[in-house]
Amino acid sequence: MQKRFGHEQRRTKGAPVIYIDADACPVKAEVEKVGTRHGVRIFVVSNGGLRPSQNPLVETVIVPDGPDVADMWIADRAVTGDVVITGDIPLAAKCVAAGARVLKHNGEALTQANIGNVLATRDLMTDIRAADPFRQGGGKAFSKSDRSRFLDALERELRTAKVTK
């Protein structure tokens with residue numbers, strides 16, 4: 001099912017939901033597989049360009065173009081016990097503050113205990129890159145072990161989310 005940007009109310013009770021910050025997300029298929037096995041609704045949020053899933057548990061949400069519009073859509077809806085998949089650290093911080101469980105694409109969990117350090121490291125690296133415009137390269141490539149670690153972490157988070165919801 002595909003849906004255009006909307007202004008639905010935040011949920012507070014019920015089964016956990018998975019939100020995917022879908023732009024450049026390398027684990028959408030894995031999320032759908034694990035989420036379907038658990039019978040969890042999945043919202044794939046982007047500003048377009050994705051093929052909608054035929055899975056009735058997966059809803060593709062297309063938001064307008066603009067900086068951080070998909071992030072805001074997710075942050076406005078994620079509540080305690082939901083699972084958010086993102087590599088965007090500021091979005092992760094907002095979702096952690098709202099009580100959601102957050103996973104990066106490599107399976108790293110972002111929590112109240114570590115989000116401050118992750119944000120500080122992100123800011124430091126942004127400053128370092130800005131100070132050296134000739135600095136080339138980026139992070140390491142996404143690997144099979146990252147994908148496997150992500151699958152294990154998502155399974156754990158969904159089991160825990162079902163207990164806490």
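Predicted model: local features only at pLDDT ≥ 70, side-chain atom pairs only at ≥ 80, totals over all residues.

**Entry 1: Val45.** I began with Val45 and skipped its neighbours within four places in sequence. What is left in contact with Val45 is Ile20, Asp21, Ala22, Asp23, Val61, Val63, Ala70, Trp73 and Ile74.

**Entry 2: the cores.** Next I looked up the largest nonpolar core, which has 23 residues. Val45 turns up again here, among the members that touch the most others, along with Tyr19, Trp73, Ile74, Val84 and Cys95. The largest share is from α3, with 6 residues. There is also a second, separate core of 19 residues, and I noted Val31, Ile42, Val58 and Leu154 as being among them. As a general point, nonpolar side chains in soluble globular proteins tend to be buried together.

**Entry 3: His38.** Is His38 buried or exposed? I get a relative accessible area of 16% for His38, and the cut-off for buried is under 20%, so His38 counts as buried. His38 sits in helix α1 (residues 28–38). Leaving out residues up to four places away in sequence, His38 touches Glu155, Leu158, Arg159 and Lys162. With one of these, Glu155, there is a side-chain to side-chain polar contact from His38 at 2.7 Å.

Entry 4: I checked the second largest pocket, which holds about 200 Å³ of space. It is lined by 15 residues, and Asp21, Asp23, Ala70, Asp71 and Asp88 are the closest to its centre. I see that Asp21, Asp23 and Ala70 were also on my contact list for Val45. The element giving the most to this lining is α2, with 3 residues.

**Entry 5: the whole chain.** I stepped back and found 5 helices and 7 strands. Their order from the N terminus is β-β-α-β-β-α-β-α-β-β-α-α. The chain has 165 residues, and 40% of them count as buried. Taking contacts with a separation of 6 or more, I find that 56% are between residues 24 or more positions apart.

**Entry 6: confidence.** The mean pLDDT of the chain is 84, and 80% of the residues score at least 70. Which element has the lowest mean pLDDT? That is strand β1 (residues 2–4) at 48, while strand β5 (residues 83–85) has the highest at 97. Over residues 1–12 the pLDDT stays under 50, and the model has 34 contacts beyond four places in sequence for that stretch.

Note on methods: Residues numbered from 1 in each chain as written. Heavy atoms only, no water. Core = buried A, V, L, I, M, F, W, Y, C linked by side-chain atoms within 4.5 Å. Buried < 20%, exposed > 50% of the residue type's maximum accessible area, 1.4 Å probe, protein only. Helix = DSSP H or I, 4+ residues; strand = E, 2+ residues; numbered from the N terminus. Contact = heavy atoms within 4.5 Å. pLDDT = per-residue confidence, 0-100. Polar contact = N/O pair within 3.5 Å; in protein donor to acceptor, adjacent residues only side chain to side chain. 1 Å grid on protein atoms, 1.4 Å probe; cavity = no way out; pocket = protein on both sides within 12 Å on 5 of 7 lines; lining within 4 Å. Points joined across faces, edges and corners; volume = space filled by probe spheres on them.
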